[in-house]
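Colleague: I should be grateful for a close look at one helix of this chain and at the side-chain pairs that accompany it. Please set the part within the whole before turning to the details.

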Amino acid sequence: MTTQTTATKTVAAPAPNTPSGLIGIPAHLGRALATGGSVLAVVSTFLAWTWTAAFPGDLTFYGYPGGLQVLVLVGGALATLFCLASYGVKGLGWLTPAGADAAVKYAVLGTFATAWYTVVSISVELGGVVNLEPGGYVVAAATLIALIGALALPFERPEPDPIDPEANGWEQFTHDAAHTMAVLRAAFASGSPRPVRTLPSYAEILIIVAVLAVALVVFTYGIGTEYDELFVGFLITAGFGFGALNRSGLIAHASQISARHQNITVCGAFIAAALFPFTQTDDQYATLGVYILIFATVALGLNIVVGLAGLLDLGYVAFLGVGAYAAALVSGSPSSPFGVHFPFWAAVLVGAIASLVFGVLIGAPTLRLRGDYLAIVTLGFGEIFRIAVNNTDGTSGPDITNGSNGIASIPDLNILGFDLGVAHDIGGFTIGRFANYFFLMLLITAVVVLVFRRSGDSRIGRAWVAIREDETAALAMGINGFRVKLIAFAVGATLAGLAGTVQAHVTYTVTPEQYLFAGTTPPNSAFLLAAVVLGGMGTIAGPLIGAALLFLIPNKLQFLGDYQLLAFGLALVLLMRFRPEGLIPNRRRQLEFHEEADAPTVLSKTGA
């Protein structure tokens, strides 16, 4: 008798590293939901979201997006393009050189956040969801559907780290929390972008021009936001939009192309900045522009001291004050005891040389210190300067600075017969007082950028980097550490004094309270240091962008009142936690903070 045996069929278990999404729905369905939701979000911006014009931006029109609807339209369009690129649509492959899924998640999440922020704001400010029109419900549902679909897109899940079998409850909880965070980071991570192919020079220059034009439009829109809700929505859209472009690999490709044409990129950036006043109908936002340039120029000077030489200076704003006071005393102010009125070029030299002298006098006895000790000494210098100019009022000391009243009524500059204090018509455009100073400050910023680039790539710049990386090793290699650090201190102080000479004329008045270590409004030493660290130490664009953000955001968040610094501080803490190298990092520092990153074939030049 023959017995037949049937082999037992076993179902193979899925591999532990099989890609899957955060939400357990099929990947093809999630991709379809993300695409459809993004398209529907775009369509919803052409519908009315509320019935009354009481909400800022007047979202009552059909067929004409306005206010926050424009931001949702931009976010939805960007998400739709990335979704279509993830399907392999012909002609869209260039949008996602590093992969599409992570970019889709960022773009969809930004659109969802902006749309739901708007819907919640309408409901809270107008008294309930009853004030929503059909468009409001549609955009809320569409962005939620798109988010669910985006979170279902597959990704490689990291394996959990082993845990001690005898771990207690708290250790188990921290282990699970760390693994959850690792999974979330992996869900929004992207691959390495493929190398950008070499294009004809004219094509690469056109790409650089297009990038700079987009940057000008974004900056102009952000600085011109007319109400608080719109600015918060702009921050959400711009932040997630930049994240989506970064994850897609477009930022990396743009960086590679601009690196091939550095001089053209720098010149184009200054031309784009010079066009900013011509985009304004009045002088209101040119005021913010000139203050941002002053703050950014001083931050770039501090970047030489902190970013290149590695010297922690907590009293750097004092050099800005020295330049401002020196220029104010010789510029014809009635409050000046000297009673002289130097021309602009002479006042600039006085301010820069005064800051240079103070930089050498302070640096010579203190730069033999290192680390925290040097930081404490520079912090003391900043406070000594403020107290000294406050006491030289003729009562507590000699009558030089007019004490707490400061040097007032500083006249406007007149350069070769061109009065910067009055409006001028140029090519049919009216250029106001602050726009005039904006152009002057832009020229000074260009000088500071040139000094930074040339010094960073020079022999002394490489000595600064050597001192920053390992001072003991640099000294052993024959570098005169004291002389090198003193030169960095003197150059940084001179550049700050140069910006201070213009600040004195822009503000009309120079007072001791303008030069604190920390305060609610920049420039102060804490904000200057934060601008350098936030933007990226050792780079040119980093401190400029960091200073612009640190000046613009507090200026626009005044509606938070007493909670302004709390919200701002929390944002900085989160940014430093998840991107400690800064927004635009030097490649070397990026490798220091992210050891798992691939080492570059050739390290970029200092400050590139």
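Modeller: I begin with the chain as a whole. Of its contacts (heavy atoms within 4.5 Å) between residues at least 6 apart in sequence, 74% join residues at least 24 apart. This is a predicted model, in which local features need pLDDT of at least 70 and side-chain atom pairs count only at pLDDT 80 or more, while totals for chains, interfaces and linings use all residues. Residues are numbered from 1 along each chain as its sequence is written, and side-chain values use heavy atoms, with hydrogens and water left out.

The chain has 21 helices and four strands, these being DSSP runs numbered from the N terminus (helices H or I, at least four residues; strands E, at least two). Its radius of gyration, taken over C-alpha atoms, is 28 Å, close to the 25 Å of the globule rule for 608 residues, so the chain is as compact as a globular protein of that length; the rule is 2.2 Å times the number of residues to the power 0.38. Along the principal axes, the C-alpha atoms fill a box of roughly 120 × 65 × 55 Å. Buried residues (under 20% relative accessible area, with exposed over 50% and partly exposed in between; 1.4 Å probe, protein chains only) make up 45% of the 608 residues.

The part to examine is helix H6, residues 201-223. Its 23 residues should span 33 Å at 1.5 Å a residue, and the end C-alpha atoms are 33 Å apart, which agrees; the expected span is 1.5 Å times one less than the number of residues. The buried residues of H6 are Ala203, Glu204, Ile208, Leu212, Leu216, Thr220, Gly222 and Ile223. Their cover includes helices H7 (228-248), H8 (250-260), H9 (262-274), H10 (284-308) and H19 (541-556).

Aromatic pairs come next. Rings of Phe, Tyr and Trp (its six-membered ring) pair if their centres lie within 6.5 Å; planes under 30 degrees apart count as stacked, over 60 as edge-to-face and the rest as tilted. By this rule there are 17 aromatic pairs. The ring centres of Phe276 and Phe438 are 5.7 Å apart and the planes stand at 45°, so this pair is tilted. Phe276 lies in the loop between H9 and H10 and Phe438 in helix H14 (residues 433-456), 162 residues apart; both are buried. Phe295 and Phe551 also form a tilted pair, because their centres are 6.4 Å apart and their planes are at 55°. Phe295 belongs to H10 and Phe551 to H19, 256 residues apart, and each of Phe295 and Phe551 is buried.

Finally, the whole structure holds five salt bridges, each a side-chain nitrogen of Lys or Arg within 4 Å of a carboxyl oxygen of Asp or Glu. One of them joins Arg31 and Asp101 at 2.8 Å, N to O. Arg31 is in helix H1 (residues 27-44) and Asp101 in helix H3 (residues 101-126), 70 residues apart. Arg31 counts as buried because its relative accessibility is 15%. Another joins Glu383 and Arg386, with the closest N and O atoms 2.7 Å apart. Glu383 and Arg386 are three residues apart in helix H13 (residues 371-391), and therefore separated by about one helical turn.
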